[in-house]
Amino acid sequence: MKYINQVDIKGKTVLCRFDFNVSLDEDLHIADDRRIKTALPTINYALDEDARVIVMAHLGRPEGKVIDSLSLRPVAKRLSRLLGKEVVLTKDCIGDDVKTLIQDMKPGCVLMLENLRFHIEETENNDEFARELAGYADVYVDDAFGNAHRTHASNVGITKFAKECCAGLLMKKELNYFSATLKNPLRPFVAIIGGSKVSDKLEALANLIRRVDKMIIGGGMAFTFLKAMGHEVGTSLIEDNLINMARRGIKIAKERGVKLYLPVDCVIAEEADSKAVTKIVPVQEIDPDWMGLDIGPASIALFREVLGDAKTIIWNGPMGVFEIDAFSMGTFSMVHTVAQSHALTIVGGGDTDVAVHRAGQSDYITYISTGGGASLELLEGKKLPAVKALDECKKRMS
Ligand code: AMP
């Protein structure tokens, strides 16, 4: 597919889809504006080309209803401040008023369309809705990596009707990091996979085991593997239906010569509560009524050693229930270990991103993805629907 810098947009009207799904506090102030900042290279590039820039995005899940607290007003205001120029927000994302505002735009102007998801047609990938959006501009630019695993009107349907399609600079960065790393990593290549369930990451585990030299499994999902190895894991998070699958995974790793590392000790409690009494035990000694909620100090030391010679590290999923201080040490220790390593380090979005930022280590990670779901699909070896749509659009044009 093409990227924005390979398309002639000089003086043209460009319609750019971004992922501005930021979290807002009770006063509707933006709690974290990183997603807005990641759009700046594409917007500034278009402005440097004297394009008229129409920005579109969604916020939250209004499910087709107009919900005032999910208006993009705070986003438009913040974007305006970051760009140092006015960003006009439309009242609706479709309709005659929008068309009039677009006709009046001057080169170098920025217009933001109100929340796309105020129309259910957006998530339904409705053709008419997509056609109307596409009609606003000469060139459609998709830079919403965080939404690229969805099949919606503004990122998939629209490519059937747009005069010309391309991807933005954030999309370029995300895809380059993941594809270059997965196709041709510097070795040793280590994957760290954590989080709650094996079922959520089964396909990623299956794809990565064919590519990595070592794999570290932590978090809740480690207990299904530990049980598959014959350990009693008390009331820890277990997916009984996947125990055989975990056993097969262990076998495949062995056959391929991939070194698989599981926690050797863990922090246990009777419940995942900040006031719960905790103990650190070897994984062989988990009490029947207790659950493993974080990796223990011996696992932290082991994983640090495993990562010592890594040249490439990909990490998705926390090592424990890091939202609660008593169970956060494993995840935060891993953040520091990964940040201090001499490897190329890539962190999937979502919870792992939150943990890295909370630990204040984001500057020391090579790349932190802006899309949890989308980056997980790349780790699964899938092609994202939005990327497929852009590819097909390019084929149609050539
Ligand atoms: P995921 O979205 O699959 O990456 O999972 C992230 C969630 O996994 C976080 O909210 C953690 O609290 C949770 N988690 C991590 N370790 C455990 C564990 N040992 N038991 C239960 N939940 C866990």
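The model is predicted, with local features needing pLDDT of at least 70 and side-chain atom pairs counting only at pLDDT 80 or more, while totals for chains, interfaces and linings use all residues. Residues are numbered from 1 along each chain as its sequence is written, and side-chain values use heavy atoms, leaving out hydrogens and water.

Let's start with the ligand. There are 15 residues around it, and S196, K201, G292, E323 and D351 come nearest (a residue is near if one of its heavy atoms lies within 4 Å). Sorted by class, that shell has 5 nonpolar, 7 polar and 3 charged residues; here Ala, Val, Leu, Ile, Met, Phe, Trp, Tyr, Cys and Pro count as nonpolar, Asp, Glu, Lys and Arg as charged, and the others, Gly among them, as polar.

| Residue | Protein atom | Ligand atom | Distance |
|---|---|---|---|
| S196 | backbone N or O | oxygen | 3.1 Å |
| G220 | backbone N or O | nitrogen | 3.1 Å |
| E323 | side-chain N or O | oxygen | 2.4 Å |

On its own the ligand exposes 500 Å², and the protein buries 79% of that (Shrake-Rupley areas with a 1.4 Å probe).

Now for the domains: the assignment, automatic or from a database, gives domain 1 (4–170 + 384–397) and domain 2 (187–342). Their centres, taken over C-alpha atoms, are 39 Å apart.

Finally, the cavity. Searching the whole structure turns up 1 cavity of 30 Å³ or more (on a 1 Å grid over the protein atoms alone, points where a 1.4 Å probe fits but cannot get out, with lining residues having an atom within 4 Å of a point). The largest cavity holds about 60 Å³ of space, the volume being that filled by probe spheres set on the points, which are joined across faces, edges and corners. Its lining includes F18, R35, D143 and T370.

Definitions and conventions. A polar contact is a pair of N or O atoms within 3.5 Å; within protein, one must be able to donate a hydrogen and the other to accept it, and residues adjacent in sequence count only if both atoms are side-chain atoms. On a 1 Å grid over the protein atoms alone, a cavity is a set of points where a 1.4 Å probe fits but cannot get out, and a pocket is an open set with protein on both sides within 12 Å along at least five of seven lines; lining residues have an atom within 4 Å of a point.
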